[in-house]
Amino acid sequence: MDRTEQLIDLVEQYGAHNYHPLPVVLSKGQASKLWDVDGREYLDFLSCYGALNFGHQHPFLVSALKNQVDKLAVCSRAFYSEELCLFSKELADFCFLETALPMNSGVEAIESALKIARKWGYEHKGIAADEANIVTFENNFHGRTITVISFSTERDYRNGFGPFTPGFKTIPFADVNAVDAAIDANTVAVLMEPVQAEAGVIVPPAGYLAEVAKVCRHHNVLLILDEIQTGLARTGKNFCFEYENATPDLLVLGKALGGGLLPLSAVVARQTIMNVLGPGQHGSTFGGNPLACAVGRAVIHLLQEENLCERALHIGETIRVELSRAHLPVVREIRGMGALVGIELDKNAGGARQFCEQLATHGVLCKETRENVIRLAPPLIIEKHELAYGIEKVIQVLKRG
Ligand SMILES: *Cc1c(COP(=O)(O)O)cnc(C)c1O
């Protein structure tokens, strides 16, 4: 038995079984590369679902982390920290908004945005107590807390976890009229992903986001955009909403905001909206800790200094061109935006997972999303020859399908 098998046996016995990982046990990462406990080398084509836009152990981010860990890591929000003060302004500016509320995980920031939107509805729209509703979309993914799965349409995410939080309406994605029809006098917000990544990289038609923003404005309803996965250069712009000049009222960030080093999420909003929160009404012990804020500041700096958006576009374009040129019979459609790519396989191909398993044995790591879609999301710092190698392996494996 090799070390890989030993360790998997261990966690199968002592861990919870809420994931179904590929049988690879990683112990080291560097830029776009990973190594497992038996010394095998891999190329990372998943980037932790977008948390690793800058790759593993980016030297600039690691040095920001190390400097800060030697100074002050955690101090609670009972006091101000230098890093929190600076990060709040820098993040708000970077997002074309006015105020920022740092949290830890993505879903925690989503929950925070929902609380802010409801309170805004009661205070600014005069909605009767406990009557607020929020519009969400079929096939959404915003995380795993009970409130957030309350408006999921995935059976596995919900079954056995009720009772659920009321106050949500779920409508079809990519249909502007459905948004207009769903909004009523008690609607406070529309919560949307600009691209539905978990659902299989579903890209709505051009103009949709701008139209939704217009409908929201018309009805005095807040637009909450979940850019946890699409944000921070992944789709070829720092934010997906820039493609349509549709700056949201509340923007939710996570994943890459922590530089691939630690959890960091945030709600970024206009001041009049954020100001509905007063002392004692929301909080999180580790939210906005100095260590995370120092990394977040370094992430913003990196995004401003390096041309990661251009690289994202180049990566996505290269993948699409090469895969199309290979004329793979198992491939039904290649979708995506920038370096977020979904390869939808034929229903008869036997599911996407087996291809991801085969790819892992060829040294390329990626993961299926839903039954028949392979998601490719390489780190944006990936080298040309690494990208070419990874694509070659993807084509090789899919050719056999
Ligand atoms: C990952 C993700 C989340 C949840 O983030 P966690 O950090 O896992 O809680 C929410 N929304 C989208 C779009 C995501 O991709």
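This is a short tour of the structure in your viewer, stop by stop.

Before you start, note that this is a predicted model, in which local features need pLDDT of at least 70 and side-chain atom pairs count only at pLDDT 80 or more, while totals for chains, interfaces and linings use all residues. Residues are numbered from 1 along each chain as its sequence is written, and side-chain values use heavy atoms, with hydrogens and water left out.

**Stop 1: the two domains**

Colour residues 3–57 together with 307–400 as domain 1, and residues 72–305 as domain 2; these bounds come from an automatic or database domain assignment. The C-alpha centres of the two domains lie 27 Å apart. Now select the residues where they meet: 29 residues of domain 1 are in contact with 31 residues of domain 2. Contact here means heavy atoms within 4.5 Å.

**Stop 2: the nonpolar cores**

Next, show the side chains of Leu91, Val190, Ile343, Leu345, Ile374 and Leu398, which touch the most other members of the largest nonpolar core, a set of 91 residues. A nonpolar core is a set of buried Ala, Val, Leu, Ile, Met, Phe, Trp, Tyr and Cys residues joined through side-chain atoms within 4.5 Å. Buried means under 20% relative accessible area, exposed means over 50%, and partly exposed is in between, using a 1.4 Å probe and protein chains only.

Which helix gives this core its largest share? Select helix α11, residues 290–305: nine residues of the core come from there. Helices (H or I, at least four residues) and strands (E, at least two) are DSSP runs, numbered from the N terminus. Domain 1 and domain 2 both give residues to this core, so the core lies between them.

Zoom in on Leu91. Beyond its neighbours within four places in sequence, Leu91 is in contact with Ala100, Leu253, Leu257, Ala266, Val268 and Ile300. Then pick out Leu101, Trp120, Val148 and Phe168, which are among the 29 residues of a second, separate core. As background, nonpolar side chains in soluble globular proteins tend to be buried together.

**Stop 3: the ligand**

Select the ligand and the residues around it: Ser105, Gly106, Val107, Phe141, His142, Gly143, Glu193, Asp226, Ile228, Gln229 and Lys255.

From an oxygen atom of the ligand, go to a backbone N or O atom of Val107, 2.8 Å away. From a nitrogen atom of the ligand, go 2.6 Å to an N or O atom in the side chain of Asp226. The side chain of Lys255 has an N or O atom 2.6 Å from an oxygen atom of the ligand. How much of the ligand does the protein bury? Taken alone the ligand exposes 380 Å², and the protein buries 81% of that; accessible areas come from the Shrake-Rupley method with a 1.4 Å probe.

**Stop 4**

Asn140 sits in the loop between β5 (133–137) and α6 (146–149). Asn140 is buried, at 2% relative accessible area. A polar atom of the Asn140 side chain lies 2.7 Å from the backbone oxygen of Phe151. Leaving out neighbours within four places in sequence, Asn140 is in contact with Phe151, Ser152, Glu193 and Gln196.

Move on to Ser112 in helix α5, residues 106–124. Ser112 also counts as buried, with 1% relative accessibility. Outside the four places on either side in sequence, Ser112 is in contact with Leu101, Met103, Val267 and His282.

**Stop 5: backbone details**

Most residues other than glycine have a negative phi, and most peptide bonds are trans. Go to the bond from Gly162 to Pro163, which is cis, with omega near 0 degrees. Pro163 is in the loop between α7 (155–158) and β6 (168–171).

Val201 has a positive phi of about 55 degrees without being a glycine. Look for Val201 in the loop between β7 (187–192) and α9 (208–218). Is Val201 buried or exposed? Val201 is buried, with a relative accessible area of 0%.

Asn220, not a glycine, has a positive phi of about 55 degrees as well. Asn220 lies in the loop between α9 and β8 (222–226), and is partly exposed at 41%.

**Last stop: Tyr14**

Finish in helix α1, residues 3–14, where you will find Tyr14. Tyr14 is exposed, with a relative accessible area of 66%. Draw a line from the C-alpha atom of Tyr14 to that of Gly236: the two are 222 residues apart along the chain and separated by 41 Å.

Note on methods: Near = heavy atom within 4 Å. Polar contact = N/O pair within 3.5 Å; in protein donor to acceptor, adjacent residues only side chain to side chain.
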